Amino acid sequence: MFQNKIIIDLINRKYLAYHSFLEAIVTEGYVRVNMVLEPGEFAVRGTIIDVFPVNHSHPIRIEYFDDDIERLSSFNLHNQRSISSLEKIEIFSVGTRNKKD
């Protein structure tokens, strides 16, 4: 069993350097793809980053304004529509495969 390793806490409407976040998730084993389909992947489209954390059952969408998180939400893989807005989310390292929710 893997130990849960939080690599980053995302908090809505807080500062988090865009490029530093991308570097952190790559370092922790996330793979860049055109569209996320499974845990451990992320996609970038301008100021929007989609990440499928290994510790969650749905991917999340991070919308940036400069280096501030403007909006966090979970979304449906099939239709890409928002499921719910989030105030905070923890992202675990890819080596951590325990589902949290």
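Start by selecting Y18 and Y64: both are buried, where buried means under 20% relative accessible area, exposed means over 50%, and partly exposed is anything in between (1.4 Å probe, protein chains only). This is a predicted model, so local features need pLDDT of at least 70 and side-chain atom pairs count only at pLDDT 80 or more, while totals for chains, interfaces and linings use all residues. Residues are numbered from 1 along each chain as its sequence is written, and side-chain values use heavy atoms, with hydrogens and water left out.

**Stop 1: two rings**

A pair of aromatic rings is described by the distance of the centres and the angle of the planes. Rings of Phe, Tyr and Trp (its six-membered ring) pair if their centres lie within 6.5 Å; planes under 30 degrees apart count as stacked, over 60 as edge-to-face and the rest as tilted. By this rule the count comes to one aromatic pair. Y18 and Y64 form that pair, edge-to-face, with 5.1 Å from centre to centre and 85 degrees between the planes. Because Y18 lies in helix α1 and Y64 in strand β5, the pair ties together parts that are 46 residues apart in sequence.

**Stop 2: the whole chain**

Now switch to a cartoon view. Helices (H or I, at least four residues) and strands (E, at least two) are DSSP runs, numbered from the N terminus. How many helices and strands does the protein chain have? There is one helix and there are eight strands, running β-α-β-β-β-β-β-β-β from the N terminus on. Of the 101 residues, 43% count as buried.

**Stop 3**

Select α1, residues 18–27. Its residues Y18, F21, L22 and I25 are buried. They cover an arc of only 100 degrees around the axis, which puts them on the same side of α1; the arc is that of the directions from the helix axis to the C-beta atoms. Turn to the other side of α1 and you will find H19, E23 and T27 exposed. Just after the helix, pick G29, which takes a positive phi of about 100 degrees.

**Stop 4: the nonpolar core**

A nonpolar core is a set of buried Ala, Val, Leu, Ile, Met, Phe, Trp, Tyr and Cys residues joined through side-chain atoms within 4.5 Å. The largest one here has 24 residues, and those with the most contacts inside it are L10, F21, Y30, I49, V51, I62 and I91. Among the elements giving two or more residues to this core are β1 (6–11), β4 (48–51) and β8 (88–92). Which element gives the most to this core? That is α1, with four residues.

Zoom in on F21. Contact means heavy atoms within 4.5 Å, and F21 touches I8, L10, L16, I49, V51, I62, Y64 and I91, not counting residues up to four places away in sequence.

**Stop 5**

Next, select I60 in strand β5. Is I60 buried or exposed? At 1% relative accessibility, I60 counts as buried. Its C-alpha atom is separated by 4.2 Å from that of S74, 14 residues apart along the chain. Leaving aside neighbours within four places in sequence, the contacts of I60 include D50, V51, F75 and L86.

At 2% relative accessibility, D50 counts as buried. Show its side chain together with that of R45: a polar contact of 3.0 Å joins the two. A polar contact is a pair of N or O atoms within 3.5 Å; within protein, one must be able to donate a hydrogen and the other to accept it, and residues adjacent in sequence count only if both atoms are side-chain atoms.

**Stop 6: the loops**

Finish with the loops. D66 is found between β5 and β6. D66 is exposed, with a relative accessible area of 60%, and has a positive phi of about 55 degrees although it is not a glycine.

In the loop between β6 and β7 (82–85), select Q80. Phi of Q80 is near 65 degrees, again a positive value in a residue other than glycine, and Q80 counts as partly exposed at 23% relative accessibility.
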